[in-house]
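Subject: Structure handover

Hello,

Here is the structure I promised to pass on to you. Please have a look at it first, and then read on for what turned up.

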Amino acid sequence: MTHDSSDAEGGDSRPPSDARADGGKPSGARRATSDLRSDGGTEAAGADDVALDPWGSTTVADYRKLFEQFGIEEFDELLDEVPDPHYLMRRGVIFGHRDYRPVARAMREGEDFAALSGFMPTGDPHIGHKLVFDEIIWHQERGADAHGLIADLEAHSARGLSWDEIDEHARSYVLSLLALGFDPEDGELYRQSENRAVQDLAFELGAEANFSELQAIYDFDGETDVSHMQSVVTQMADILYPQLEEPKPTVIPVGPDQDPHMRLARDLAARMRYFGVTEAYASFELDEEERPLVAEAYEALGADADEDDRVRCEDAADWLREHVDPGDARQRAVEKLDNAGKEPLRPRTRILNRNATEEAFDALIEAVEGEKRVYEAHVDAFDLSREAADELAREVELDHGGYGFLPPSSIYHRFMTGLTGGKMSSSIPASHISLIDDPEDGYDKVMSATTAGRETAEKQRELGGEAEECPVYELYAYLLAGDDDEFAREVYDECVGGERLCGGCKEQAAELMEEFLEEHQEKRAEWEDRLDELDIQLDSDR
């Protein structure tokens, strides 16, 4: 969930060539053109497996692997559901999501929702971090309860920074977030080390996690500091913090390397719930693989059945043997159905008692209306939809002191390519532009950037630039073109059409970058004198 400035925002690019006439555009900016789409770019050799490491220097050669391996959904598929989407969404820079639809629905219907992301203060904020700053601010402008946090506990435990170093960088991150438009009066800024509610929640979440789980997710071993492990549950608490007062859809804008945090946070949110809600067909439990098989059998057998000719579990077992290919899930389902014998197979919504007090479980039983069956650890409701049952269970939980967390959502943006090619890294000054770089230095870095044009100007005019590979076009699409899709499309079309040569393209980008840095730093200076007004402790007493 946090964005580390030491090795952030990577990608792939061609090596520099002094003779290039290049210009271009990355796959992440494809929505800036009329018919290009965000499909993850071209498949890279050796990209069969993608390892996502929140503290490493992850680069993703093929974003499509994230859809296949980790279940991240394509953002394009819900773009039409987002009111007035941000240009990063329109251009495919924001390429994926987990469960963003509840957030989009809340925006459309004027309901409460939240946005939060964090920053590990290990260096200067740079243009890669600006993507997340912009995403938080955009959601705030659309009504989100917005939070920006400084992950100082993580920086100290995972990176070993001193508190003096953390204080310096934290101040700089906050200044840039404010300069870009974050409204501190309508949102919240905080440091992990200063937020007692976050630390208390982390303690509670820690009771639901164990070392084996963290080892499997993060590859921790016997040499991993306990404080590093503690920083993980603190980040889980950060993610769920906006829901402490009341459950609400919450989006966490991050890079894909932070997805392990999101998967764990969603899992812990479910474990903290008093009740779980599933679909069921009989008195016994079915897992996620077995349930659709039994549902298929019921639909096939129950289509013509009447009240006196109910579908029995043993009938469904026979149907599965005949109509479904052998497999572990089928075998498990058949065994359960055979054991249930003549028990009627009948759809129902099951509300499971996970962590409820005896009083809360009794209240839930009382609250379920219509036909129901009460068991020791669950209630089966025959007249409630899954959605209605989930809402009822949350209401009972909240009435009896539970959290009622909704699963947090996330959106994922592409890594920015370094100006020198490869990944953008704060440890390689020429590869990135800091938001506090001297504007003239920003100009010079753009002018020295790698491009993806042809070997000569003649070939560029004849064949057009290879826009999909150009770090300079990324600057236009991700930052310099702002909300102006027409301008971004114009730069792209001129490049691939051979009208735009690299020298002029970089000159224009360098001038725009210089102007951006000048304006940004002026706004930072305006906020510098107002930091004392903020409700955030920027000088640690540790």
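Accessible areas here come from the Shrake-Rupley method with a 1.4 Å probe. On that basis the protein exposes about 23100 Å², and carbon and sulfur atoms supply 41% of this area. Please keep in mind that this is a predicted model.

First, the overall picture. The protein has 542 residues, of which 55% count as buried. Its secondary structure consists of 20 helices and 12 strands. If you take the contacts between residues at least 6 apart in sequence, 78% of them join residues at least 24 apart.

Two packed helices are described by the angle between their axes and the distance between the axes. Helix α9 (residues 226-240) meets helix α10 (residues 259-271) at an angle of about 70°, and their axes are 10 Å apart. Angles of 65 to 115 degrees count as roughly perpendicular, so α9 is roughly perpendicular to α10. On the α9 side, the contact is made by V232, Q235, M236, I239 and L240. On the α10 side, H261, M262, L264, A265, L268 and A269 take part. By type, the residues of this contact divide into 9 nonpolar and 2 polar, with no charged ones.

Then there is R394, in helix α15 (residues 386-399). Is this arginine buried or exposed? R394 counts as buried because its relative accessibility is 6%, and the cut-off for buried is under 20%. Its side chain reaches the backbone oxygen of G404 at 2.8 Å. Leaving aside residues up to four places away in sequence, R394 touches P247, R273, G404, F405 and L406.

Finally, two aspartates with backbone angles to check. Most residues other than glycine have a negative phi. D84, however, has a positive phi, near 45°. D84 sits in the loop between β2 (73-74) and α2 (87-90), and with a relative accessible area of 54% it is exposed. The phi of D99 is positive too, near 60°. D99 belongs to the loop between β3 (94-98) and α3 (101-109). At 26% relative accessibility, D99 counts as partly exposed.

Do write back with any questions.

Best wishes

How values were computed:
Residues are numbered from 1 along each chain as its sequence is written. This is a predicted model: local features need pLDDT of at least 70, side-chain atom pairs count only at pLDDT 80 or more; totals for chains, interfaces and linings use all residues. Side-chain values use heavy atoms; hydrogens and water are left out. Helices (H or I, at least four residues) and strands (E, at least two) are DSSP runs, numbered from the N terminus. Buried means under 20% relative accessible area, exposed over 50%, partly exposed in between (1.4 Å probe, protein chains only). A polar contact is a pair of N or O atoms within 3.5 Å; within protein, one must be able to donate a hydrogen and the other to accept it, and residues adjacent in sequence count only if both atoms are side-chain atoms. Contact means heavy atoms within 4.5 Å. Axes are lines fitted to C-alpha atoms, for helices over the stretch in contact, and angles run from 0 to 180 degrees between N-to-C directions. Angles under 35 degrees count as roughly parallel, over 145 as roughly antiparallel, 65 to 115 as roughly perpendicular and the rest as oblique. Ala, Val, Leu, Ile, Met, Phe, Trp, Tyr, Cys and Pro count as nonpolar, Asp, Glu, Lys and Arg as charged, and the others, Gly among them, as polar.
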